[in-house]
Amino acid sequence: MVTAAGFSPSAHDPAPFVHTSPRGRTLLLIYVDDMIITGDDPEYIAFVKAHLRDQFLMTDLGPLRYFLGIEVSSTSDGFFISQEKYIQDLLTRAALGDERIVETPMELNIKLRPTDGDPLPDPTRYRHLVGRLVYLAVTRPDISYPIHILSQFVSAPTTVHYSHLLRVLHYLRGTITRLFFFPRFSSLQLQCYSDATWASDPMDRRSLSAYYVFLGGSLIAWKTKKQTAVFRSSVEAELRAMALLTAEVTWL
């Protein structure tokens, strides 16, 4: 039905569809029964809405304010996105026993092992919280690294892993009002930054790659990923991180 309206699917992701005409470009993002439509061709946007209403029971909620747990606000300077309500719901579900907050989501230079601590009698809670934090990292790149580390232990979490998970929650409590800003007027120059640890995993000696990609003043992509091989020097690990970044930027 979407393609019948003139949209073409993205070659890289099943959710976005794009329509291009001499009057501008229109983007349609679909996830199950939620949808965002935007672009610089208001006449075509109105046509698509009318076409979809003819085929489906659809409600137009107006300007974008909330989508899949992500809050969006627009100002003359740009757009702010956050997941404050999502974090609050997460903290309520976690039922933390104290009001403590911490300055960082993970201790510096911490190296967690599968054998640290005692196995949790029921790992379900750990898995549930980590899964929700993975989605939260969509707007919180500051927790990308600790969630990458903690997610490695979901199959057999221990009391030590759980204590570090709680630290991330205490950090979020103190930073719940932080917003992600996309300036309305910005250059289209890509700026990329990458880094890598060397032999940082205490079990398999593999390194971690990490990168950030900015489009002008907007952070548009980031990732933390364990490298697939063991390298003999920090230079090799850094080159591998740059190769990962190059591949991702090519995709973008």
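Predicted model: local features only at pLDDT ≥ 70, side-chain atom pairs only at ≥ 80, totals over all residues.
The chain has 6 helices and 11 strands, and its C-alpha atoms fill a box of roughly 60 × 45 × 35 Å, taken along the principal axes.

I would like to turn now to the helices, and to two pairs in particular. Two packed helices are described by the angle between their axes and by the distance between those axes. Take helix 2, which covers residues 84–94, and helix 3, which covers residues 124–136: helix 2 and helix 3 pack at an angle of about 170°, and their axes are 11 Å apart. Because an angle over 145 degrees counts as roughly antiparallel, helix 2 is described as roughly antiparallel to helix 3. On the side of helix 2 the contact is made by Tyr86, Ile87, Asp89, Leu90, Arg93 and Ala94, while helix 3 brings Arg125, His128, Leu129, Arg132, Leu133, Tyr135 and Leu136. Sorted by class, this contact of helix 2 with helix 3 has 8 nonpolar, 1 polar and 4 charged residues.

Helix 3 also packs with helix 5, which runs over residues 159–174, and here the angle is about 40°, with the axes 11 Å apart. Helix 3 and helix 5 are therefore oblique to each other, and their crossing is left-handed. The residues that make the contact are Arg125, Tyr126, Leu129, Val130, Leu133 and Leu136 from helix 3, together with His161, Tyr162, Leu165, Val168, Leu169 and Leu172 from helix 5. By class, the contact of helix 3 with helix 5 has 10 nonpolar, 1 polar and 1 charged residues.

That brings me to the salt bridges, of which the count comes to 8. Where do Lys85 and Asp89 lie? Both are in helix 2, 4 residues apart, which is about one turn of the helix, and the closest N and O atoms of their salt bridge are 3.1 Å apart. Lys85 is partly exposed, with a relative accessible area of 45%, and Asp89 is likewise partly exposed, at 32%.

A second salt bridge joins the side chains of Glu99 and Arg173, at 4.0 Å from N to O. This pair links distant parts of the chain, since Glu99 sits in the loop between helix 2 and helix 3 whereas Arg173 belongs to helix 5, 74 residues apart.

The last pair I will describe is Arg178 with Asp142, whose side chains meet in a salt bridge of 3.6 Å, N to O. Arg178 lies in the loop between helix 5 and strand 8, and Asp142 in the loop between helix 3 and helix 4, so the pair ties together parts that are 36 residues apart in sequence. Arg178 counts as partly exposed at 46% relative accessibility, and Asp142 is partly exposed as well, with a relative accessible area of 27%. Finally, salt bridges that share partners join Arg23, Asp41 and Glu43 into one network.

Terms used. Residues numbered from 1 in each chain as written. Heavy atoms only, no water. Axes fitted to C-alpha atoms, helices over the stretch in contact; angles between N-to-C directions. Helix = DSSP H or I, 4+ residues; strand = E, 2+ residues; numbered from the N terminus. Parallel < 35°, antiparallel > 145°, perpendicular 65-115°, else oblique. Left-handed = near helix turned anticlockwise from the far one by under 90°. Contact = heavy atoms within 4.5 Å. Nonpolar A, V, L, I, M, F, W, Y, C, P; charged D, E, K, R; others polar. Buried < 20%, exposed > 50% of the residue type's maximum accessible area, 1.4 Å probe, protein only.
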